[in-house]
Amino acid sequence: MKVKDRTFEWVNDAMCAITGYEEGELVGRDSRFLYPDDEEYERVGRDIYRKGQEESRWVRKDGSMRDVLLQVSRAAGNSYIAVITDITERNKTAQALKESEKLYRNIIEKIQDVFYRFDMDGRLIMINPAGTRMLGYDSVDEMLGLPMET
């Protein structure tokens, strides 16, 4: 898409698919209506031209929210070419992974059995509190990095 002063000059089919709007509903409009609030609109406007990219949330025509990655590059005049990527599923997957890791870590820390892992060089990279107690150490951090032979 091409924007000037945050107003859409032209958009492609991908932009229409992300937003749920038709080309005629976007071209000539300021992008403000896609943001959930003025604060987010102002934040993105302040940061994107300095950084070249920014993550945000947009409100689709049907009212659903989409996480987007906005990337801009200066074009002729005061216009910018912008590439918008829908990152909603990527963010959901990352959040699910975080929750899974948290659950896994919680289970490992709570079990009474000893659980440990070494890296390919034979250095301890993970041990649970039960393992530190059994081996006579005061903390997990004290053991991390120890060689297998210790």
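This is a predicted model: local features need pLDDT of at least 70, side-chain atom pairs count only at pLDDT 80 or more; totals for chains, interfaces and linings use all residues.
Residues are numbered from 1 along each chain as its sequence is written, and side-chain values use heavy atoms, with hydrogens and water left out.

**View 1. Arg60 in the loop between S3 and S4.** Strands (E, at least two residues) and helices (H or I, at least four) are DSSP runs numbered from the N terminus. Leaving aside neighbours within four places in sequence, Arg60 is in contact (heavy atoms within 4.5 Å) with Ala17, Ile18, Thr19, Gly20, Tyr21 and Arg66.

**View 2. The hairpin of S3 and S4.** Strand S3 covers residues 53–59 and strand S4 residues 65–74. The two pair in the antiparallel sense over seven bridges; pairing requires that DSSP find at least two bridges between two strands. Glu54 stands opposite Leu70 in S4. Five residues separate the strands, and Gly63 in the turn has a positive phi of about 95°.

View 3. Buried means under 20% relative accessible area, exposed over 50%, and partly exposed in between (1.4 Å probe, protein chains only). The side chain of Ser56 makes a polar contact of 2.6 Å with the side chain of Glu40. A polar contact is a pair of N or O atoms within 3.5 Å; within protein, one must be able to donate a hydrogen and the other to accept it, and residues adjacent in sequence count only if both atoms are side-chain atoms. Beyond its neighbours within four places in sequence, Ser56 is in contact with residues including Tyr35, Arg43, Val44, Asp67 and Leu70.

**View 4. Helix H3, residues 38–51.** From its first C-alpha to its last, this helix of 14 residues reaches 20 Å, close to the 20 Å expected at 1.5 Å a residue; the expected span is 1.5 Å times one less than the number of residues. At the start of H3, a side-chain oxygen of Asp37 reaches to within 3.2 Å of the backbone nitrogen of Glu39. Just after H3, Gly52 takes a positive phi of about 95°. The buried residues of the helix are Glu40, Tyr41, Val44, Gly45, Asp47 and Ile48, and their cover includes S3 and S4.

**View 5. Asp5 and Arg6 in the loop between S1 and S2.** Strand S1 comprises residues 2–4 and strand S2 residues 7–10. Although not a glycine, Asp5 has a positive phi of about 55°. Arg6, also a residue other than glycine, has a positive phi near 65°. Asp5 is exposed because its relative accessible area is 61%, whereas Arg6, at 14%, counts as buried.

**View 6. The largest cavity and its lining.** A search of the whole structure finds one cavity of 30 Å³ or more. On a 1 Å grid over the protein atoms alone, a cavity is a set of points where a 1.4 Å probe fits but cannot get out; lining residues have an atom within 4 Å of a point. Grid points are joined across faces, edges and corners, and a volume is the space filled by probe spheres set on the points. The largest cavity holds about 120 Å³ of space. Its lining consists of 14 residues, of which Arg6, Ser31, Tyr35, Tyr49 and Leu70 lie nearest the centre. H3 and S4 are the elements that give two or more residues to this lining, and H3 supplies the largest share, four residues.

Notes:
On a 1 Å grid over the protein atoms alone, a cavity is a set of points where a 1.4 Å probe fits but cannot get out, and a pocket is an open set with protein on both sides within 12 Å along at least five of seven lines; lining residues have an atom within 4 Å of a point.
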